[in-house]
Amino acid sequence: MQITYCEKKEFSAAELQDLFLSVGWSSGQYPEKLAIALRNYGTVVSAWDGERPVGMICALDDGVMTAYVHYLLVRPDYQGLGIGRQLVERVKEKYRDYLRIVLNAYNSKLDFYRSCGFVAGEDETPMFITTLTD
């Protein structure tokens, strides 16, 4: 297996649906919206095994101070191979001159993010308004 990485923002709806649903994310039920969203991100880095996308990280930024990682996902059968870490390192390199990189982490993934250099904020709680509709 040879994993390659690239920055691109164009994906088919089927590629996105398959990748996002592989990790159980409900946004995969809206592949057309995902395709539009990816074109609007500041940064999209994807990992590929041949012609198959196996991982992705997406970030938004303000152009100088703060970058927000919105998505980081790796297909379950490719987890544990360093793909997620490589995706994070590529984002860290791109935003190395920024003051901060922010993300919301699932509690079950805190150790991974800590190992990548992230620290939990003190007295901070992520908050959401979430509505996924057609």
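Predicted model: local features only at pLDDT ≥ 70, side-chain atom pairs only at ≥ 80, totals over all residues.
Me: Let's go on to the second largest pocket. What is its volume, and which residues are closest to its centre?

Reply: Its volume is about 720 Å³. There are 22 residues in the lining, and Leu103, Val119, Ala120, Gly121 and Glu124 are the closest to the centre. Strand 5 and helix 4 are the elements that give two or more residues here, and strand 5 has the largest share, with 4 residues. By class, this lining has 13 nonpolar, 5 polar and 4 charged residues.

Me: Now for cavities. How many of 30 Å³ or more does a search of the whole structure find?

Reply: The general idea first: a cavity is a set of points where a 1.4 Å probe fits but cannot get out. In this structure the search finds 1 cavity of 30 Å³ or more, and the largest cavity has a volume of about 30 Å³.

Me: Which residues line the largest cavity?

Reply: The lining is made of Ile57, Val69, Val88, Val91, Lys92, Ile101, Leu103 and Phe118. Helix 3 and strand 5 are the elements giving two or more of these residues, with helix 3 giving the most, 3 residues. Sorted by class, 7 are nonpolar, none is polar and 1 is charged.

Me: How should I read the salt bridges, and what does the count come to?

Reply: Side chains of opposite charge can pair when their charged atoms come close. The cut-off used here is a side-chain nitrogen of Lys or Arg within 4 Å of a carboxyl oxygen of Asp or Glu. By this rule the structure has 7 salt bridges. One of them joins lysine 94 to glutamate 7, with the closest N and O atoms 3.6 Å apart. Lysine 94 sits in helix 3 and glutamate 7 in strand 1 (residues 3-7), so this pair ties together parts that are 87 residues apart in sequence.

Me: Is lysine 94 buried or partly exposed? And is glutamate 7 buried or exposed?

Reply: The rule is that under 20% relative accessible area means buried, over 50% means exposed, and partly exposed lies in between. Lysine 94 has 39% relative accessibility, so lysine 94 counts as partly exposed. Glutamate 7, at 54%, counts as exposed.

Me: Which side chain does arginine 52 meet in a salt bridge?

Reply: Arginine 52 meets aspartate 77, at 3.9 Å from N to O. This pair also links distant parts of the chain, with arginine 52 in strand 3 (residues 52-61) and aspartate 77 in the loop between strand 4 and helix 3, 25 residues apart. Arginine 52 is partly exposed at 33%, while aspartate 77 is exposed at 53%. Another salt bridge brings together glutamate 93 and arginine 96, at 2.6 Å from N to O. There, glutamate 93 is partly exposed at 45%, and arginine 96 is exposed at 54%.

Me: What is phi of aspartate 123?

Reply: Phi is near 55°, a positive value in a residue other than glycine. Aspartate 123 lies in the segment after helix 4 and is exposed, with a relative accessible area of 84%.

Me: Last one: which residues form a nonpolar patch on the surface?

Reply: Leu60, Tyr68 and Val102 do, with about 250 Å² of accessible area together. Leucine 60 belongs to strand 3 and is partly exposed, at 39% relative accessible area.

How values were computed
Residues numbered from 1 in each chain as written. Heavy atoms only, no water. 1 Å grid on protein atoms, 1.4 Å probe; cavity = no way out; pocket = protein on both sides within 12 Å on 5 of 7 lines; lining within 4 Å. Points joined across faces, edges and corners; volume = space filled by probe spheres on them. Nonpolar A, V, L, I, M, F, W, Y, C, P; charged D, E, K, R; others polar. Buried < 20%, exposed > 50% of the residue type's maximum accessible area, 1.4 Å probe, protein only. Patch = residues over 30% accessible without salt bridge, like charges linked within 9 Å, V, L, I, M, F, W, Y side chains within 5 Å. Areas by Shrake-Rupley, 256 points an atom, 1.4 Å probe, with all protein chains shown as cover.
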